[in-house]
Each structure stands twice: as structure tokens, then as C-alpha cells.
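Biologist: I am new to this structure. Please walk me through how to read it.

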Amino acid sequence: MAGTVLDSSLAPFGLILVLLFGLTFGSFANVLISRVPDKESLWTRSNCPHCDREIRWTENIPVLSYILLKARCAGCKAKISFIYPAVEIAMTALFILPFLIFHSWHQTILWLIFSLFGLPLVVIDLKLHRLPDTLTAPLFISAFIAIILFSIQEGNFSRILPSLIGCVSLVAFYFAVALISKGGMGMGDVKLSAAIGLASGYFGVSAVLVSSFAAFFLGSFVGILLMVVGKAGRKTAIPFGPFMIIGQFISIATIAHTYFNFG
Ligand SMILES: [Zn+2]
């Protein structure tokens, strides 16, 4: 842990804090996943989707409540999907990881921004084949604000132009693919590519390329795999957003790492 963004003397306390933040944002990600696609308010209390019973705070503790309730609603005993604790655990892992391995706050903050909006986007895209603007827009704005703040903090604005070039070129590329593929790639993917191009452009051209190559490599690999096991045909639409976000995580973790340590 020495030398990572988490100062070693504060490490145990810091890690517990990061863990609590991860669980809390994981819980909030579940709210986003269930409400954003239907444009419901995010600030009202949650109800059981089966019996409409209001969920008490004691039944809403990340992961723990799922275990204590034995995966069933306290009112009607309807089964609670494993997706809820899975999202909470995944978000917690995404929060802890950068603090253990990254040496730069820029890398860590962009990773956290992509975790916060990316994880709900992945789940919604897998479930509904959609990437709502309500999530891709704040992802873009957060990444943009982060890059401006990094530049102000460093007193060096030379990374803003590569970021914008990354953004424009990736959007142009995805837009062309969307036109050619006639619905294979959607406008949601094009909008998501704006945030990805902007954030990876900050780390240079190679980061944009790694992010995109990883997405297309993983996408084709999984597509072929699904065809081989007979789960997909030539015409099956496979959501591409999850691969774009995984590609972006790979890019932040690898290229951004070399950029800050050797570049
Ligand atoms: Zn219920």
C-alpha cells in the first residue's frame, strides 16, 4: 500500500471509510438502476416492487439486509434479486481497488467517476439495452469538471486540448459505426463515447486507443462466445455499453498508470 494514494499511516482508517462509501454508493446505484429508466424520482423512499410495502432503513442496509432477510421481502416474502447485493459488492470493490493500486489522485478520481455512473449504466444496458442520458450526461460533466480542476491544480492547461480531441474523435468514430451498423450500435453508445474519449484523452492518444481496442476486443470475444454456446445468433443485439466501460477501466488502470509514473 506504500506509495499509493492512500497514505500508509492512515491506511486502516482510510480503507474502512472507502468501504463505507463504496457500500453507500452501491446502494445508491441500485436506486439509479431501478428508477432512472422509468424517470422516477430518486429522492423518495423505496417500496417493494411486489407488495408496495415501504422498505425500512433497517431492511435497506447494503449487503447485510439481503443476508438477514434471506433474500426475501419482509412483508410479502417475494424473492429479492441477487443483483442488489451484487451491485453493492461490485461498487465497493471498484471503490477500494484504486486506493490500493493507484499512485495518482487524477487516476483515482476519474476511476471513481466511471464507477459511480458506469456500474449503473452497465446493469441498465444489460437489462434494457439502453444507456439513459440521465446517467451519460452527468458522467460527461463530472469527467469534464475533474479535468478542469486537475488543470487548475497543476497550473497546466495543456491536457485539455488532447482531452477534447479524444472526445471529438471517439464520438465521430462511434457515430460512423452507429450509421454503418444500422442499429447495432445505438446513440446511447455514441453519447457514452464522449465521456470516455474526454477522460482517456487526458492521458494521451494511447489511452484512447487502449480503451477502444479493449472494448471492441472484449465485445467481439463475448459475441463469438455467445454464438458458439448457442446463446446468440448473427442478428442478436448484444449491448455494447458494458464493454466500453470495462475498456475504459482497463485504460485508466494501465496506460494512465504509465503516463503518471514514467510520462
Ligand atoms: Zn413485498
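Modeller: Start with domains: their bounds come from an automatic or database domain assignment. Keep in mind that this is a predicted model.

Biologist: Which domains does the assignment give the protein chain?

Modeller: Domain 1 covers 1–101, and domain 2 covers 127–263. Taken over C-alpha atoms, the centres of domain 1 and domain 2 are 25 Å apart.

Biologist: Now the core. Which residues touch the most other members of the largest nonpolar core?

Modeller: The general idea comes before the case. In soluble globular proteins, nonpolar side chains tend to be buried together. Here the largest nonpolar core has 53 residues, and Ile113, Ala143, Ala195 and Leu198 touch the most other members. Elements giving two or more residues to this core include α1 (11–35), α3 (83–101), α8 and α9 (241–262). α4 gives the most, with 12 residues.

Biologist: Where does this core lie relative to domain 1 and domain 2?

Modeller: It lies between them, because domain 1 (1–101) and domain 2 (127–263) both give residues to it.

Biologist: What is Ala143 in contact with, leaving aside its neighbours within four places in sequence?

Modeller: Ala143 contacts Leu110, Ile113, Ala195, Leu198 and Ala199.

Biologist: Which residues of α8 are buried?

Modeller: They are Ala207, Val208, Val210, Ser211, Ser212 and Ala215. Gly230 follows α8, and the phi of Gly230 is positive, near 80 degrees.

Methods. Residues numbered from 1 in each chain as written. Predicted model: local features only at pLDDT ≥ 70, side-chain atom pairs only at ≥ 80, totals over all residues. Buried ≥ 20, exposed ≤ 12 C-beta atoms within 10 Å, placed from the backbone. Helix = DSSP H or I, 4+ residues; strand = E, 2+ residues; numbered from the N terminus. Core = buried A, V, L, I, M, F, W, Y, C linked by C-beta atoms within 7 Å. Contact = placed C-beta atoms within 7 Å.
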